[in-house]
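Please find below my notes on the model you sent. They are set out as numbered points, to be read beside the coordinates.

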Amino acid sequence: MRPLIGLVAGPACFALVLLADLPVGAQAHRLAAVASLVVVFWVTEVLPIPVTALLGSVLCVALGVAPAREVFAPYADPVIFLFLGAFLVGEALVDSGLDRRVARAFLAVPGVAGSPARLLVALGVGTAATSMWMSNTAAAAVVMPLVVSILGRDGPPRQGSQAVLTVAWSASIGGIATPIGTPPNLVAIGFLERATGTHVGFAEWMAMAVPLMVVLMVLLMGLNVPGAARSSRPGALGPGAAVPGPWTPAERRVAAVFGCMVAAWLAPSLAKIGGDEVARLVAARLPEGVVAVAGAVALFA
C-alpha cells in the first residue's frame, strides 16, 4: 500500500512545488520540485533507494538545474553512466527473454540460420548499424546477449570467438559513421570548429564517414567469413527452434524502454531541424549518459 501512495503522492508533490510561486531562482525552484519527489519516493520506497537517487540526478539534468557533468560529479564521469545504463538494458533483454525472441527472428531471415558465414555477416552489419546511433560500448552491450542466445553457451569455441570479435570490431567501425556514433567524433568536430572555424554538419560527416565504414566492414568480413564458412554448426538456434509464443508484458516493456532510449539518443541530431539553439538545448537536457540512466530507472519502475 505504501508504494502505491508514494506513486501518487510523489508526482503530485513535484507538480505542486513546480507550480508554486516560490521566492527563489528558476533553477532552485526546479531543484526543490525534484527534491520533493525524491523524498516522497525514498520514504515510501516506490523504487529501490539507490534508483530513486539516480532518478533525482536525471531530473536535475533534464530540467536544466545543472549540466550533467556537474550533477554526476559526486559519483563519476557521465560516460560511466552511459556504460551502466547500456549494461542494465542488456541485462533486461536477457532477463525478459527478449534477446531470445530477437535472436529467433534474426535467424528466421532466409539464408541466415543455415550458413555460419552469412550469420556472421548479419551480426556484423546489425552491430554496425546499431553503433551508428549509440556509443560503441552501448551497441556491443546490447548485441552481445543476442550472440550468446544465437550460439548457445556451449557453442564451438572458434565460432564463439569469431562472433564476439566481429561484434566488437563492427561496433567500432559503425561508430565512425555518424557524429553521435562515438564521443571522439564529437570531440573532433568541436576541435575542427575551434581551430579552423569550419563546422562539420551531420550530413557532411556521414557523406565522408559512411563510405569509409562500408570499406572497413568489407575488409572485416573478408578476414572473418572464410573461417566461419568452414564451421559446421550455424548456431544453437537453428530453423527447428521452438517458435516463440505471444509477447510477454516484460518483453513489451523492455522493448518500449529501449525504443524510447534510441529516440532520445537521436533527439539532439533531429533537433537540428529546429535550429542550432534548439539542438544545443536538447543536447544539454538529454546527454547520452542521462538517457541511459533514465532508461535504467524506467526498467526498475
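The points go from the overall fold to single helices, then to the cores and the surface.

1. The model is a predicted one. Of its 301 residues, 43% count as buried.

2. Contacts and surface. Taking contacts between residues at least 6 apart in sequence, 73% join residues at least 24 apart. The accessible surface of the protein is about 15300 Å². Carbon and sulfur atoms account for 72% of that surface.

3. Helix α3, geometry. Helix α3 covers residues 49-62. It has 14 residues, and the distance from its first C-alpha to its last is 20 Å, close to the 20 Å expected at 1.5 Å a residue. Just after α3, Gly64 has a positive phi of about 80°.

4. Helix α3, burial. How many of the 14 residues of α3 are buried? The count is 10, so the helix is largely enclosed by the rest of the structure. The buried residues are Val51, Thr52, Leu54, Leu55, Gly56, Ser57, Val58, Leu59, Cys60 and Val61.

5. Ser57. This residue of α3 has a relative accessibility of 6% and therefore counts as buried, the cut-off being under 20%. With neighbours within four places in sequence left aside, Ser57 is in contact with Val71, Phe72 and Tyr75.

6. The largest nonpolar core. This core holds 23 residues, and the members that touch the most others are Val34, Leu47, Leu55, Val290, Val293 and Val297. Elements giving two or more residues to this core are α2 (26-44), α3, α4 (68-71) and α14 (288-300). The largest share, 7 residues, comes from α3. As background, nonpolar side chains in soluble globular proteins tend to be buried together.

7. Which residues does Leu47 contact, leaving aside its neighbours within four places in sequence? They are Phe41, Thr52, Leu55, Val297, Phe300 and Ala301.

8. Helix α14. The 13 residues of α14 should span 18 Å at 1.5 Å a residue, and the end C-alpha atoms are 19 Å apart, which agrees. The buried residues of α14 are Gly289, Val290, Val291, Ala292, Val293, Gly295, Ala296 and Val297. Of these, Val290, Val293 and Val297 were listed in point 6 among the core members that touch the most others.

9. Val257 is in helix α12 (residues 249-270). At 15% relative accessibility it counts as buried, because the cut-off is under 20%. Not counting residues up to four places away in sequence, Val257 touches Gly295, Ala298 and Leu299. The C-alpha atoms of Val257 and Gly295 are separated by 6.1 Å, although the two residues are 38 apart along the chain.

10. Helix α7. Helix α7 (residues 116-131) has 16 residues, which should span 22 Å at 1.5 Å a residue; the end C-alpha atoms are 22 Å apart, which agrees. Its buried residues are Pro116, Ala117, Leu119, Leu120, Ala122, Leu123, Gly124, Thr127, Ala128 and Ser131.

11. The salt bridge. The count comes to 1 salt bridge. It is formed by the side chains of Glu45 and Arg2, at 3.5 Å from N to O. Glu45 lies in the loop between α2 and α3 and Arg2 in helix α1, so the pair ties together parts that are 43 residues apart in sequence. Glu45 is partly exposed, at 42% relative accessibility, and Arg2 is partly exposed too, at 46%.

12. Nonpolar surface patch. Met1, Leu4, Ile5, Leu7 and Val8 make a nonpolar surface patch of about 560 Å². Leu7 belongs to helix α1 (residues 2-19). Is Leu7 buried or partly exposed? Its relative accessible area is 49%, so Leu7 is partly exposed.

Technical notes
Residues are numbered from 1 along each chain as its sequence is written. This is a predicted model: local features need pLDDT of at least 70, side-chain atom pairs count only at pLDDT 80 or more; totals for chains, interfaces and linings use all residues. Side-chain values use heavy atoms; hydrogens and water are left out. Helices (H or I, at least four residues) and strands (E, at least two) are DSSP runs, numbered from the N terminus. Buried means under 20% relative accessible area, exposed over 50%, partly exposed in between (1.4 Å probe, protein chains only). Contact means heavy atoms within 4.5 Å. A nonpolar core is a set of buried Ala, Val, Leu, Ile, Met, Phe, Trp, Tyr and Cys residues joined through side-chain atoms within 4.5 Å. The expected span of a helix is 1.5 Å times one less than its number of residues. Accessible areas come from the Shrake-Rupley method with a 1.4 Å probe; for residues, only the protein chains shown count as cover. Patches are made of residues with over 30% relative accessible area and no salt bridge: like charges are joined within 9 Å, nonpolar side chains (Val, Leu, Ile, Met, Phe, Trp, Tyr) within 5 Å. A salt bridge is a side-chain nitrogen of Lys or Arg within 4 Å of a carboxyl oxygen of Asp or Glu.
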